[in-house]
Structures are given as structure tokens and as C-alpha cells.
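I opened the notebook today to go through a structure, one feature at a time. Here is what I looked up, in the order I went.

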Amino acid sequence: MSITLHIHATRETANKKVAREIAELIRAKPHAVLGLATGSTPIGVYQELVRLHHQEGLSFRQVCTFNLDEYQGIDLSHPESYWNFMHRHLFDHIDIPAANIHIPGTRVPSLELADYCKHYEELITVHGGIDYQILGIGRTGHIGFNEPGSPPDCRTRRILLDQLTREDAAPAFGDLDHVPTHAITMGCGTIMEARHIALLAFGTAKAAIVRKALRGPVSSQVSASYLQNHEHTSFHLDHESASLL
Ligand code: GLP
């Protein structure tokens with residue numbers, strides 16, 4: 001098993017390639033289950049999917065989606081909530097029914113957490129499992145919000161965000177004090193069950209962690225390194241993020 005590496009001339013080529021794979025999947029299997037990611041990286045893929053919907057009739061009417069993660073302790077309507085992000089960049093512009101969209105809540109009470117996370121996992125199973133999972137990568141090596149120390153078999157749960165992750169998010173929230181301390185994230189074990197995985201990473205800021213994920217040992221210190229043991233994972237990079245390989 002090894003990760004398939006695509007080094008693209010431009011980010012646009014990478015976005016188009018991933019969007020085309022998703023479109024082909026949906027055309028072959030209209031009730032496909034997509035695993036979706038947030039962050040600046042996948043925005044171009046979502047723009048291309050919206051274009052395919054408007055210009056090439058790609059329908060999401062039967063598609064079902066599961067987002068990787070969500071911040072805790074902010075309102076759903078907060079501009080940085082992943083619920084808001086996904087609607088702004090994708091869901092508001094395609095024909096997916098609201099009932100087919102799954103994103104962890106932003107204010108899950110502590111007492112309900114265990115059942116809530118278990119239910120999220122069960123919903124994925126009931127829908128037949130994730131066919132195609134999009135991933136970004138954080139500078140801690142996280143996929144979803146699986147920060148260093150996350151074991152390979154971990155499941156959907158609440159997690160304490162790493163200091164580096166919070167610092168990276170600080171400009172979007174105004175300052176560090178406004179960045180949530182916790183999130184709910186699918187686990188590494190949950191992600192590894194997706195049938196196909198596409199990880200996108202662009203820019204020099206990601207070069208060092210991309211190298212660790214791809215070439216380093218499989219380690220809980222870099223949860224993206226677990227993908228080395230996945231059967232159908234592709235990394236879509238640009239020249240900058242691939243510069244240390
Ligand atoms: C957040 C998200 C990750 C994402 C990462 C990188 O931490 N939870 O899913 O991969 O940010 O974000 P960006 O794509 O903006 O670099």
C-alpha cells in the first residue's frame with residue numbers, strides 16, 4: 001500500500017481533478033456518500049462542484065454528506081462555524097436536500113457527547129459508509145481535528161485543539177482568545193474506513209508536514225501518516241507543498 005502522489009502544475013488543476021473524480025462517482029452512484037472537509041484548501045474543489053452543478057447538470061439530490069469536524073462553543077451562525085462555511089461555499093449553491101447534510105453540532109452538551117458521537121458514526125454506517133473523503137492537512141499533521149496523540153483506531157469524539165492549530169485559526173477569529181478550545185472530529189479510524197481518500201495541500205507552509213505525512217514513520221504524532229496504510233489514498237499537491245519531498 002502506498003499513497004498515490006499527484007504534483008499539479010497549479011491548484012486549479014488539482015481542484016478540477018478532485019471535483020471530476022467526485023462527479024464521476026456521483027454519476028455512477030447517485031446516492032454516493034461524501035466525506036467533506038473545511039479550511040481554505042478545499043474551497044476550489046467546492047467552487048468547481050458548484051460549476052459542474054450549474055453548467056453540466058451534476059445533481060446532488062441523492063448525495064449524502066458527512067463533515068469531518070466542527071468547533072465547539074460557538075453559535076451555528078458564527079461566520080467561522082463549519083456549518084456556516086459549508087453552506088457558504090457549497091450547500092447553498094447545489095441541489096442537496098438539507099436532510100442529507102450531516103455536520104456535528106457546535107454546542108453538544110458534555111453529558112450527551114458520548115451518545116452524540118456514537119450516533120454520528122452509526123449514521124455513516126447506515127448510509128453505507130463514506131465513498132469519497134476529501135481531506136486537508138493542518139500544520140500539526142491533523143486530518144479532521146485529530147491532533148498529535150490521536151491513536152489510529154480513534155472514533156468520532158470531542159478533542160482539545162493543539163496550540164498551533166488555534167494560532168493558525170486566530171486571524172479568522174480576530175484573535176487567539178476567540179478561537180474555540182475544543183472541537184468534535186471524526187476519528188482516524190472513521191476516516192480510514194472511507195473507500196477513497198483525496199488529501200489536498202497547497203503552499204510552502206504545508207511542505208514540512210506533507211513530507212512527514214508521506215515519507216516519515218507512521219506515527220500518532222502525525223495523524224495524516226496513517227494514510228500510508230490506506231488502500232486508496234491520493235495526495236494532490238502543488239509544487240510548493242511538494243518542495244521538500
Ligand atoms: C482546520 C480543519 C482541517 C484543515 C486545516 C487546514 O484545522 N479542521 O480540516 O485541513 O484547518 O486548513 P487550511 O486548508 O486553511 O490550511
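I began by settling a term: I call a residue buried when its relative accessible area is under 20%, exposed when over 50%, and partly exposed in between, using a 1.4 Å probe and protein chains only. Strands and helices are DSSP runs, numbered from the N terminus, with at least two residues (E) for a strand and at least four (H or I) for a helix.

Some ground rules for my notes. The model is predicted, and local features need pLDDT of at least 70, side-chain atom pairs count only at pLDDT 80 or more, while totals for chains, interfaces and linings use all residues. Residues are numbered from 1 along each chain as its sequence is written, and side-chain values use heavy atoms, with hydrogens and water left out.

**Entry: strand β8**

I checked which way the side chains go. H182 and I184 point one way from β8, A183 and T185 point the other way, and all are buried.

Next I looked at its partners, taking two strands as paired if DSSP finds at least two bridges between them. β8 (residues 182-185) runs antiparallel to β7, with four bridges joining the two. On that side, I found R158 opposite I184 and L160 opposite H182. β4 also pairs with β8 in the antiparallel sense, over three bridges, and there Y71 stands opposite A183.

Put together, this is an open sheet of three strands in the order β4-β8-β7. The edges are β4 (69-71) and β7 (157-160), each pairing on one side only.

**Entry: strand β6**

Are the faces of β6 covered or open? Both are covered: in this strand (residues 132-135), Y132 and I134 on one side and Q133 and L135 on the other are all buried.

β6 has parallel neighbours. Two bridges join it to β2 (residues 33-36), where L34 has Y132 as its bridge partner. Four bridges link β6 to β9 (residues 196-201), and Q133 is partnered there by I197.

**Entry: nonpolar cores**

I use "nonpolar core" for a set of buried Ala, Val, Leu, Ile, Met, Phe, Trp, Tyr and Cys residues joined through side-chain atoms within 4.5 Å. The largest one here has 60 residues, and I22, L49, L90, F91, I134 and L227 have the most contacts inside it. Helix α1 (residues 11-28) gives this core its largest share, seven residues.

I then followed L90, counting heavy atoms within 4.5 Å as contact. Leaving aside neighbours within four places in sequence, L90 is in contact with L36, Y46, L49 and V50. A second, separate core of 11 residues includes Y71, L161, F173 and V179.

**Entry: H102**

I found H102 in strand β5 (residues 101-102). Is H102 buried or exposed? It counts as buried because its relative accessible area is 12%. Not counting residues up to four places away in sequence, H102 touches C64, T65, F66, N67, Y120, L123 and H127.

**Entry: the ligand**

For surroundings, I took residues with a heavy atom within 4 Å of the molecule. Those around the ligand include T38, G39, S40, D69, G136, H142 and K206.

I also noted some N or O pairs within 3.5 Å, the cut-off for a polar contact. T41 has a side-chain N or O atom 2.4 Å from an oxygen atom of the ligand. A polar side-chain atom of Y82 is 3.3 Å from a ligand nitrogen atom. From I137, a backbone N or O atom lies 3.2 Å from a ligand oxygen atom.

Terms used. Polar contact = N/O pair within 3.5 Å; in protein donor to acceptor, adjacent residues only side chain to side chain.
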